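Biologist: Can you put the model up? I'd like to go through pockets and ring pairs.
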Amino acid sequence: MVCPGIGRRGFIRNGAVIMQSRTNFLAHKLIFTAFVFASFFAAGSIHAQKPFKVLDRWTIGGEGSWDYMTVDSAVHRLYIAHQTRVEVVDLATGKPIGAVEGLTRCHGIVIAPGGKTGFISDGGANTIVVFDPVTLATVGKIPAGVNPDGMVYEPSTRTLWAFNGGSKNVTIVDAGKRAAVATVALPGKPEFPATDSKGTIYVNIEDTNSIVRLDAKAQKITATWPLRGCESPSGLAIDPSGGRLFSVCDGKRMAVTDARDGRSLATPHIGDGPDATAYDATRKLAFASNEDGTLSVIDTAKPGYPVVQTLPTMSGARTMALDPASGKIYTVSAKLGAAPAANPAVHHNRPAAIPGTFTVLVIGNN
């Protein structure tokens, strides 16, 4: 490229031609070319994402429906709430390790830091089951409210928060003492919670289409924000460094909310029937797992939060877990029977799973 007033080997100054040496010219040209290439490559590496795909399928078997999933990256384990038991799967081999059994209707699963204690919300028994992650034996039970569902561990206060869908409140547990220490009333039916790990907890309120912010130390509500454009919010994920919340909603929407003031940032379209979401801080991507058999991938680094991929998964694969260490996503479903008769009294009237077909899908893009 030759710019006005500049020759290929020199430039004009006060009417005189000052020649550069060929060596200097080539050196500058090489530096400039390297700079342009590096800048282009860096920009491309930030925004270009390989498409996600289903890498593997692991048949676990068993009977009944399923709910939340949790990855323990430190020991490469996947925990899956599966009706009356929590399945434990080795992420290296895809083989079942064992199960926490004797539950009534399990939902949330939390592994406390250090990996020595696990908690399960047993909605059918109104208890929080404490188990040993090594032996998978039940070591205690903590009374909760009616139908404990989503749970989160808050590290700055070392407390476990179990959100009770039936009694519309939250049971706060001293994780070290394994005892309930407080109950906080909520303005509606809670769904999944999330924490910034610095003393603030958020939870979706399903029947009022809102999100509540709580102070973990003061054990009280500090704000309630409407989720505009969102019906029946369920799964919730957080971007702690960016101060953003991602709620998945009925009506094929994800609500993106400013975690500081509750402002609506976007409501991108996703698949139908979502029940879980996750945020990958490394790749700046949000995910929604949808009952229609799709995984929605949202680029949170771009204006408008565009959906950059809709990956076919498996009908009924509405819950998931992200492994932050590997970047892989895990979702589950089973072969499904005939659709049940319509029942307006049942919010999610799902077909029954065919016994023996319960399957884990492994999803990645590396």
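Modeller: First, a term: a pocket here is an open set of grid points with protein on both sides within 12 Å along at least five of seven lines. A volume is the space filled by probe spheres set on the points. And this is a predicted model.

Biologist: Fine. How much space lies in the second largest pocket?
Modeller: About 680 Å³.

Biologist: What lines the second largest pocket?
Modeller: There are 31 lining residues, and Trp66, Asp67, His107, Arg318 and Arg350 lie nearest the centre. By class, the lining has nine nonpolar, 11 polar and 11 charged residues.

Biologist: And the largest pocket, what volume does it have?
Modeller: About 1,100 Å³. Its lining is made of 26 nonpolar, seven polar and three charged residues. Strand E24 gives the most, with five residues. Nearest the centre are Thr70, Val71, Val152, Phe192 and Leu322.

Biologist: Switching to rings. How many aromatic pairs are there in the whole structure?
Modeller: The search finds seven. One of them joins tryptophan 66 and phenylalanine 358, tilted, at 5.6 Å centre to centre with 40 degrees between the planes. These two residues are 292 residues apart in the chain.

Biologist: Is tryptophan 66 buried or exposed?
Modeller: Buried, because its relative accessible area is 6%, and buried means under 20%. Phenylalanine 358 is buried too, at 1%.

Biologist: Which ring does tyrosine 68 pair with?
Modeller: Phenylalanine 192, with the centres 4.7 Å apart and the planes at 45 degrees, so that pair is tilted. Tyrosine 68 is buried at 7%, while phenylalanine 192 counts as partly exposed at 22%.

How values were computed
Residues are numbered from 1 along each chain as its sequence is written. This is a predicted model: local features need pLDDT of at least 70, side-chain atom pairs count only at pLDDT 80 or more; totals for chains, interfaces and linings use all residues. Side-chain values use heavy atoms; hydrogens and water are left out. Rings of Phe, Tyr and Trp (its six-membered ring) pair if their centres lie within 6.5 Å; planes under 30 degrees apart count as stacked, over 60 as edge-to-face and the rest as tilted. Helices (H or I, at least four residues) and strands (E, at least two) are DSSP runs, numbered from the N terminus. Buried means under 20% relative accessible area, exposed over 50%, partly exposed in between (1.4 Å probe, protein chains only). On a 1 Å grid over the protein atoms alone, a cavity is a set of points where a 1.4 Å probe fits but cannot get out, and a pocket is an open set with protein on both sides within 12 Å along at least five of seven lines; lining residues have an atom within 4 Å of a point. Ala, Val, Leu, Ile, Met, Phe, Trp, Tyr, Cys and Pro count as nonpolar, Asp, Glu, Lys and Arg as charged, and the others, Gly among them, as polar.
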